[in-house]
Amino acid sequence: MNDVDILVIGAGPAGLAAAAAAGTRASVLVADEHGAPGGQLRKQIHKFFGSSRHFAGKRGFAIAWELEAQARAAGAEFALNTVVYSLQPDLTASLAGPDDTRHVRAQRVILATGASENAVAFPGWTLPGVMTAGAAQTLVNLHRVLPGRRGLIVGSGNVGLVVGFQLAQAGADLAALVEIRPQVGGYSVHAGKLRRTGVPILTSSLLTRAGGAGRVQSAVIARCGADGQPLAATERAFAVDFICLAAGLHPASELARMAGCDCRGDTPIHSPELETTVPGLYVAGDAAGVEEASSAMEEGKLAATHALVSLGRLDKRLGLKDMAACRDVLAQLRGERRLEAGA
């Protein structure tokens with residue numbers, strides 16, 4: 001049994017920010033199933049906007065490098081290519097790495113496990129060529145492989161808009177992006193970039209079926225009413241060889257549930273300091289509720305700071321001040337998003 005002060009599960013923006021915040025005052029182990037830290041940041045080739053506090057003007061993969069460097073400089077250790085397959089209420093975690101399996105007893109655990117993509121079922125959805133937007137982004141930005149020659153994007157949240165733009169940049173021909181709601185769901189800046197590539201964004205529209213012999217060869221969309229049902233005589237067929245589903249995300253709460261956390265839907269119930277109903281167990285980033293990388297970083301800092309105070313490794317007065325600053329920044333970020341979404 002290996003003991004550690006704080007076990008961080010997940011090396012995305014929340015987990016790395018937590019490790020950087022806690023590493024100088026406590027022993028910190030960061031476990032991640034991938035071979036390199038960064039999480040979704042590693043796939044993000046666009047420049048971030050916002051403030052210098054959240055790396056404005058830097059590309060996602062570069063932010064991942066910088067956050068990793070901060071965490072390592074703080075003294076955090078990493079267990080990469082390592083799956084955490086069990087988490088008990090006493091905060092004992094079971095880790096399977098490349099060479100062995102071990103159990104780690106932590107005094108505090110920060111779950112920064114991110115989110116999973118939502119599936120959409122429709123006739124033909126099991127055909128090869130139907131994939132999530134995240135899968136397409138992994139193919140293009142990490143492996144430099146196009147998922148196909150001509151595609152369709154379903155969903156106009158930020159993920160769909162950004163991945164659509166990146167696919168267009170990589171040379172894919174996109175027939176359209178379809179959105180069931182009457183308005184675009186993501187930021188107008190992302191929608192504008194996609195439109196400027198010539199990709200039409202079709203709102204009040206939905207994918208009704210995919211067709212093909214052994215793989216995707218066509219997609220049929222239709223206009224829809226306020227009830228989300230297709231309207232008669234409005235179907236259009238497109239010749240495509242891949243379809244990307246960007247139908248939203250939900251927190252990856254499997255380990256939280258295993259440890260006994262109470263959840264509301266897929267989201268672990270947590271305090272303003274991100275501590276769950278299991279004492280000493282925290283959630284941060286998309287695991288606490290799906291937002292963006294900037295919020296994930298702040299939540300990682302917030303959870304780590306509360307954990308340090310609770311362990312007696314950080315003066316309470318200083319910790320309360322730091323936590324209040326994190327909450328202020330989070331409130332500002334969320335207010336800015338509401339304004340952008342309504343623009």
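Predicted model: local features only at pLDDT ≥ 70, side-chain atom pairs only at ≥ 80, totals over all residues.
1. Largest nonpolar core. This core holds 65 residues, and the members that touch the most others are Ile6, Leu7, Val109, Ile110, Leu111 and Leu281. The element that gives the most to the core is helix α7 (residues 293-311), with ten residues.

2. Leu281 and its surroundings. Leaving aside residues up to four places away in sequence, Leu281 touches Leu87, Leu91, Val109, Leu111, Ala259, Cys261, Leu274, Glu275 and Thr276. Of these contacts, Val109 and Leu111 are also named with Leu281 among the core residues that touch the most other members.

3. Second core. A separate core of 20 residues is also present; Phe165, Leu167, Leu174 and Val184 are among its members.

4. Ser86. This residue lies in strand β4 (residues 83-87). Ser86 counts as buried because its relative accessible area is 11%, where the cut-off is under 20%. Its side chain makes a polar contact of 2.7 Å with the side chain of Gln88. Beyond four places in sequence, Ser86 touches Thr92, Ala93, Ser94, Leu255 and Met258.

5. Parallel sheet. An open sheet is formed by five strands in the order β8-β15-β9-β10-β11, with parallel pairing. Strands β8 (130-132) and β11 (201-202) are the edges, each pairing on one side only. Between β8 and β15 (residues 242-245) the parallel pairing extends over three bridges, and Thr132 stands opposite Leu245 in β15.

6. Helix α4 on the sheet. Helix α4 (residues 158-170) lies across β9 (150-154), β10 (173-178), β11 and β15. Relative to β10, helix α4 runs at about 170°.

Conventions:
Residues numbered from 1 in each chain as written. Heavy atoms only, no water. Core = buried A, V, L, I, M, F, W, Y, C linked by side-chain atoms within 4.5 Å. Buried < 20%, exposed > 50% of the residue type's maximum accessible area, 1.4 Å probe, protein only. Helix = DSSP H or I, 4+ residues; strand = E, 2+ residues; numbered from the N terminus. Contact = heavy atoms within 4.5 Å. Polar contact = N/O pair within 3.5 Å; in protein donor to acceptor, adjacent residues only side chain to side chain. Pairing = 2+ DSSP bridges. Axes fitted to C-alpha atoms, helices over the stretch in contact; angles between N-to-C directions.
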